[in-house]
Amino acid sequence: KGIKDLKLRFRDLVPEPAIFWRIAKIGIPNFFEGLSMWTANLIVLQFIGQIAAKMASKAGGDEPVVQGLQGANMIAVQWESFSYLPGFAIGIAAGTLAGQYLGAGNVKQARKAVIACTGLAVVFMGSLGIVMIFAGHTLTAVISNEPIHLELVPQLLVIAGVTQVGFAVMMVVRHALKGAGDTKWTFIITTISSWGIRLPAAWFLGVHLELGLVGIWYALCGEVFIRAALYFLRFQHGGWVKEI
């Protein structure tokens, strides 16, 4: 039926190679970025398993030690995930606005929208980070009163809380670049940072130096700042404005 200025016509259903190429150009790098990032995260979980197994061995093969370490990691991840909600939502807004303004040929307004969204995310996620830093014990006790959890989780939440500003910049600028169709560079940055920095740092601090789960989180959260800087450099470079 259609509405004013928008109606589906059968002749428009004929496949156009140019449209399929644009879809592939944006979609394929986005797929491989997700694959690269989550594969790296799975290897990080394997590092945590190594640490847990070593701790259990020192404790005489005590299985609760393994479960306690994995549980501490999960509890910290769950609380940290709350901060992702505003960051993710604002990031989607940034990507949408960037795409709309670039489609209208207004590069200046696209930049202003992304910067404004980044500022909002920094405020929201930074505020949640403060809660993590100063209320880590309380947050942990809401879920578990196990001694190993009460010992480890607040330390992990302090690390996560300090890095929330970096997370905010990373999430929003990444979504903005994607909204502009710059998925090739988000894939490149994510892969280089995940495999070249995150994994080696997590293994070195957590496994090699035997800093344990806390060392793993130092590596993971520290890498976030580096990835955020790389995304921001790409944003400042301006190559993304030509992708839409």
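Biologist: Which residues does Leu 69 touch, not counting residues up to four places away in sequence?

Modeller: Keep in mind that this is a predicted model. With those sequence neighbours left out, Leu 69 touches Ile 48, Ile 51, Ala 52, Met 55, Ile 148, Leu 152 and Leu 213. Let's step back to see where that sits. The chain has eight helices and zero strands, so to picture it, think α-α-α-α-α-α-α-α from the N terminus on. Leu 69 belongs to the largest nonpolar core, a set of 29 residues. Along with Leu 157, Leu 213, Ile 216 and Trp 217, Leu 69 is among the residues that touch the most other members. Helices giving two or more residues to this core are α1 (17–58), α2 (63–103), α5 (147–162), α7 (183–208) and α8 (212–237). The largest share comes from α8, with seven residues. There's another core too, lying apart from this one: it has 25 residues, including Ile 90, Ala 94, Phe 167 and Ala 180. As a general point, nonpolar side chains in soluble globular proteins tend to be buried together.

Now for the whole chain. Of its 244 residues, 42% count as buried. Among contacts with a separation of 6 or more, 80% are between residues 24 or more positions apart. The C-alpha atoms fill a box of roughly 70 × 40 × 35 Å along the principal axes.

Conventions:
Residues numbered from 1 in each chain as written. Heavy atoms only, no water. Helix = DSSP H or I, 4+ residues; strand = E, 2+ residues; numbered from the N terminus. Buried < 20%, exposed > 50% of the residue type's maximum accessible area, 1.4 Å probe, protein only. Contact = heavy atoms within 4.5 Å. Core = buried A, V, L, I, M, F, W, Y, C linked by side-chain atoms within 4.5 Å.
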